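Morning, everyone. Today I want to talk about charged side chains and their partners. Have a look at the screen.

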Amino acid sequence: MSPVNLPLPSARPVPRPSRSDGWNVLADIEVFIFAVEAELEAMDRERVGVHRRGCKPDLSLRRRVIGLIWMLTFGGMQWRIAGLLSGIPFTTLHTSFARWSRRGLWRRLGQRLALDWRLACGDEVLPSAVVADSRSLRSAPTAWARGIDGGKLVKGIKLCVVCDKHGSLLDLELHPANTDDRAGILPALPRLAALGFQGDLLGDSGYKGAPFAEAALEHDIHVVVSPGGTRDGRFLPRGIRWVVERLFAWLSRYRRLNIVYDRAPDLFAAHIWIAMTSILSRRLVAQTEAQ
């Protein structure tokens with residue numbers, strides 16, 4: 001049986017969380033598997049990415065691999081231990097994850113679900129304002145890069161994110177922890193413009209400066225800076241800029257994202273998009289069942 005013979009995603013049964021708040025680990029796995037399988041089928045129909053020759057993939061094995069990838073992001077288990085306990089060879093498990101990361105599956109699915117959630121909330125597809133911020137994460141010596149954030153006293157990498165007013169991740173960048181916030185988020189601006197975004201970029205005082213504002217204006221993005229806190233370190237929520245702090249709190253639930261062990265930045269970025277896909281797919285299913 002090939003993916004072409006599967007019913008359309010709209011005709012397939014959608015699992016739902018058993019709790020009213022939508023936070024159910026077992027239900028999250030089923031919802032995540034359903035979302036990833038539907039996106040893989042869409043990519044196969046569009047013939048996006050690299051297609052291997054040979055026999056068709058085993059669909060039951062693929063579902064197990066997708067579920068294990070979610071478990072690795074949520075629980076932070078090592079790849080080889082997960083393969084040993086599940087009976088799936090390490091090469092099969094990690095090769096599938098790396099191949100889907102190269103094809104852009106996780107980023108594509110995370111961005112699409114973020115836009116779907118905006119439509120489900122009654123908003124326009126593209127936001128009129130986005131929020132940018134960064135977070136320094138500790139990294140292991142085997143990680144691809146390490147820097148020292150002198151302000152936060154963290155030795156590792158810096159995660160620069162852009163989200164909308166709902167806290168949905170739209171883009172991200174990874175750099176050593178000693179990278180300036182403006183230099184860290186600058187490569188994401190052309191991708192936001194390619195996505196169709198034209199509006200305000202909200203940030204704290206780390207994003208002020210005429211050179212960065214002029215670089216953003218080249219992509220029709222206007223930088224709006226507001227203070228992020230008081231002298232004693234208290235956080236000041238202003239407008240919608242606080243939602244990015246809530247996004248970091250959501251991502252911290254996934255243990256794989258708290259300490260960086262991956263040897264390549266695209267693999268760690270894939271785990272971030274997997275966490276966001278799990279959050280957004282759970283929201284969409286919960287709202288569908290509530291209607």
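Which side chain meets Glu30 in a salt bridge? It is Arg63, at 3.4 Å from N to O. Keep in mind that this is a predicted model. Now look at where the two residues sit. Glu30 is in helix H1, residues 25-46, and Arg63 is in helix H2, residues 59-75, so the pair ties together parts that are 33 residues apart in sequence. Glu30 is partly exposed, at 35% relative accessibility. Arg63 is partly exposed too, at 31%.

That is one pair. The structure holds 14 salt bridges.

Next, Arg191 and Glu173. Their closest N and O atoms are 2.4 Å apart, in a salt bridge. Arg191 belongs to helix H7 and Glu173 to strand S4, so this pair links parts 18 residues apart in sequence. Arg191 is partly exposed, at 31%. Glu173 is buried, at 13%.

Arg256 is buried, with 8% relative accessibility. Asp262 is buried as well, at 6%.

Some salt bridges share partners. That joins Glu39, Arg108, Arg112 and Asp116 into one network.

Last one: Arg241. You will find it in the loop between strand S6 and helix H9. What is the nearest side chain of opposite charge to Arg241? It is Asp204, 4.5 Å away.

Key:
Residues numbered from 1 in each chain as written. Predicted model: local features only at pLDDT ≥ 70, side-chain atom pairs only at ≥ 80, totals over all residues. Heavy atoms only, no water. Helix = DSSP H or I, 4+ residues; strand = E, 2+ residues; numbered from the N terminus. Buried < 20%, exposed > 50% of the residue type's maximum accessible area, 1.4 Å probe, protein only. Lys, Arg positive; Asp, Glu negative; His and termini not counted. Salt bridge = Lys/Arg side-chain N within 4 Å of Asp/Glu carboxyl O.
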